[in-house]
Amino acid sequence: MKTTWLASATIAALLCATPALAQKTTLVVGMQTQDAGVLDPHLNSGTPGKALMNWMFNGLVRIKPGQSSPDHIEPDIAESWTSSPDGKEWTFKLRQGVQCHHDLGEFTSEDAVFSLKRAGTKDTSAFSSDYAAFDKVEAIDKYTVKITLKNAIPSLLGQVMSYHGGNMVCKKAADGPDKDGFAKKPAGTGPFVFAEYVPQQYVKLVANKKYWRGEPKIKEIIYRFIPSDAARDLALQAGEIDLMSGRQEQAWVDRIARTPGLKVLTFGPAEMSVIHFNMTQPPLDNIKVRQAIAHAIDRAGIHQFRGMSISRPAVSVVPSGYFGTHETAPLLPHDLNKARQLLTEAGFPNGITIKAIHTTLPGMMSFMEATQAQLKRAGITLDITPVEHPTFHQQIRQDLSQVVHFQAARFPIADVYLTHFFHSSSIVKTPTAVTNFSHCKVADAEITAARTEQNKEKQVALWKTAQEKIIAEVCAVPVNEMLMNWAHRDNLDLGYELKGSLNLGPPITENTRFTR
Amino acid sequence: MGAFLVKRLMFSAVTLFAVLTLVFIVIRIVPGDPALVILGDQADAAAISALQKRLGIDRPLFEQYLSFLSGAVRGDWGVSLVTGRPVLMEVLAVLPWTLELTAVALLLGAMIGVPLGAWAAINRNRMPDYLTRLLSLVGLSFPPFVSAILLLIGFALALRWFPVISSNRATWWDWFQSIALPALNLALIMAAYITRVTRSAMLEVLQEDYVRTARAKGVPWAVIVWRHALRNALIPVVTVVGLYLSILIGNSVLTEIVFNRPGLGKLIIGALNQRDYMMLQGMMVIYTLIVVVVNMLTDIVYAVVDPRVKLS
């Protein structure tokens, strides 16, 4: 009798306890940052803010969760779209019944038009130059938006997706009397709604119960700012956070992967490390010197140094996997003898010294030191001046460094990387400057022509030629690509397979849930 | 006392003005562009220039300086360049966190350091003395971020007594749990300083004639130590506490980061990384004020501890 009573009590207790255990619905994320910055998707371009924005905002289209290639573009707020044969007119049909956060009403074409115009305005957007080709954005009716371009661009869909300026904001929240107020209470249409921001501590989001794809299974997200790597690791192990941004270190990945209860996420888009040569300054104005440096760099060695499972050797001056990347580009091979011979031919039989201003960020610095050691073997002395990261970014844009190591990912279409880094319009210290540190302009014609080319094959061929020309001129040496690393507790199910995320963090969707 | 305070306040105002000017100049000499930091590495020159204009950092330096000074006098410290929120609001939101951490650490440090220092002194060149000196040396040598990680591994991860993220103050228990490890981390350093100073001050005082007289009169040893010697030995300790309070606040930067506690230290590092001029200026004013107030309080405490000291 006593045994039966005990068994019944145990079963009853388990029945009561099981739902409680299954009810974990608060996701705590640990992000490597002091703060997320301004909570406005059109102004926040930093890594810590991108993932957060992605959980709150939709685009007209999106890349399928877990992917980062434009091959996986699918409808988001727009149900369908059409374009004119010349690629200059695009019409989007919006989904009906999509609700803005904070009970601001239905999202209509008026909101979409406002949002795109806002993204194209310098005062309200960090991405305004991306929308330079936009001529008109009109609301044809309540659910139809028409975009007219001055000229065709490589990916119009890339400008209207849930990424950077393509994030759709609700007009009533952003066009009120207090325009700066939007960042204090941002309103989009995504699966999670802004609830609270505590400086230096966290941003709290809650589930959007009216989300048109269905109410999210995660009811609350606490996005904690935890700048200390060690503290994030310990908090994850202690179960105080469920998901965290990790380090770009093979040792960290291996250690977390070995820890019971934890899983590592390694995904793209990879950030490519490229050594840019300032071709206006001696001795780098001599192509033989640039070729010698290129031959002295051992991509395979750097790949091994940076981690076999979290990095890969570069394949071209555009990262691998982008639409238009020349995957078998004729990069100069590692050959120390050839490097020494070229230096002698260039008039430097005793070697050269080149100077680089470089950030003190550990991951980037270790790469530069490894490169420095490789160059030394060919008689090339790389003199590194370490400076703090913001100083680095300012000084390389002032053309103060002979050699610039830049590690970056861009929207995965060749045009963006080629334009930002190798088109003459982007040369640093010019009014239209972006990040052309080498003063390269050998492929301007091909890059410009490819932008408006409607025939995809011809477009890709132009980009391929552009990459070959840049490599032949040795404007820069692409060395290595680093993937992103995150970690999570094994009871978190993202709801999709994570191969890539343009927003640099795992998307948290309506299907993300805890398994226990 | 009143005249002393007025004089010190006037001196503090001059100090504050000098610091404000110096900070304004130094922050702008340091390379790094807030607009570039805010917009990220993909921003083009036109967008950067537009943001510089919007933030007002494209104006002539002197104009910015006058605007900053007039704002500071009116109590308007401007808005953060990065978040757009008022600097004063952000500083006041985290100030209590740093003050309570520093106060608890100081108290804890004194509670550990004074008895240990006295114990070492009365057992000079014996095992307790060696042990205390060794411990204080370890305390002084340990970087606070290393001791913080060790405390977390031991007490938060292995024993699970305290949380790794120390920022919950919902209840008194939560408050205790969240302040215990960060305060202990800072207190260990403070205790090391205080132990050494107390020991050396006590050794000096124990050689004094009045101590010998008291012993000759048969006053119990405990009374001599705690009532006669220790009180006199505390004067240099107060000086050290005053001096090292600034170091304590400095160490709190790393402690706040590792324990993920909000605070001035964390705020200033973020502002520095983002070149948030307005925030940095506001923070510097706060730090200056803290140092000025602490120095003044130290002087006042002298008079309380040692009646021979007259404030004039």
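The dialogue below goes from whole chains to single residues.

Me: What should I know about the model and its labels before I begin?

Reply: This is a predicted model, in which local features need pLDDT of at least 70 and side-chain atom pairs count only at pLDDT 80 or more, while totals for chains, interfaces and linings use all residues. Residues are numbered from 1 along each chain as its sequence is written, and chains are lettered from A and ligands numbered from 1 in the order in which they are written.

Me: How many helices and strands are there in chain A, and how many in chain B?

Reply: Helices (H or I, at least four residues) and strands (E, at least two) are DSSP runs, numbered from the N terminus. Chain A has 15 helices and 19 strands. Chain B has 12 helices and 0 strands, and from its N terminus its elements read α-α-α-α-α-α-α-α-α-α-α-α.

Me: What is the radius of gyration of chain A, and what does the globule rule give for 516 residues?

Reply: The radius of gyration is taken over C-alpha atoms, and the globule rule is 2.2 Å times the number of residues to the power 0.38. For chain A the radius is 25 Å, close to the 24 Å that the rule gives for 516 residues, so chain A is as compact as a globular protein of that length. Its C-alpha trace spans about 95 × 65 × 40 Å along the principal axes. For chain B, the corresponding box is roughly 85 × 55 × 35 Å.

Me: Which percentage of chain A counts as buried, and which percentage of chain B?

Reply: A residue is buried if 20 or more other C-beta atoms lie within 10 Å of its own, exposed if 12 or fewer, and partly exposed in between, with C-beta atoms placed from the backbone. In chain A, 54% of the 516 residues count as buried. In chain B, buried residues make up 39% of the 312 residues.

Me: How do I read contacts along and between the chains?

Reply: Two residues are in contact if their C-beta atoms, placed from the backbone, lie within 7 Å. Among contacts in chain A with a separation of 6 or more, 71% are between residues 24 or more positions apart; in chain B, 72% of the contacts between residues at least 6 apart join residues at least 24 apart. Between the chains, 40 residues of chain A are in contact with 41 residues of chain B. Helix H6 (229–237) and helix H12 (389–397) of chain A each supply at least two residues of the side that touches chain B. That side of chain A divides into 16 nonpolar, 17 polar and 7 charged residues (Ala, Val, Leu, Ile, Met, Phe, Trp, Tyr, Cys and Pro count as nonpolar, Asp, Glu, Lys and Arg as charged, and the others, Gly among them, as polar).

Me: At roughly which angle do H13 and H14 of chain A cross?

Reply: Axes are lines fitted to C-alpha atoms, for helices over the stretch in contact, and angles run from 0 to 180 degrees between N-to-C directions. The axes of H13 (residues 414–422) and H14 (residues 444–452) of chain A come within 10 Å and cross at roughly 145°. A:Asp415, A:Leu418 and A:Thr419 of H13(A) make the contact with A:Ile447, A:Ala450 and A:Arg451 of H14(A). These residues divide into 3 nonpolar, 1 polar and 2 charged.

Me: Which residues meet where H11 and H12 of chain B cross?

Reply: In chain B, the axes of H11 (residues 264–273) and H12 (residues 277–305) come within 9 Å and cross at roughly 145°. B:Leu264, B:Leu267, B:Ile268, B:Ala271 and B:Leu272 in H11(B) meet B:Met279, B:Leu280, B:Met283 and B:Ile286 in H12(B). This contact has 9 nonpolar residues, no polar and no charged.

Me: Which residues of H15(A) are buried?

Reply: They are A:Gln459, A:Leu462, A:Trp463, A:Lys464, A:Ala466, A:Gln467, A:Ile470 and A:Ile471. The buried residues of H15(A) pack against H13 and H14 of chain A. After H15(A) comes A:Val474, whose phi is positive, near 50°.

Me: Is A:Gly46 buried or exposed?

Reply: A:Gly46 counts as buried because it has 21 C-beta neighbours inside 10 Å. A:Gly46 lies in the loop between strand S1 (26–31) and helix H2 (47–56) of chain A. Not counting residues up to four places away in sequence, A:Gly46 touches A:Gly37 and B:Gly40.
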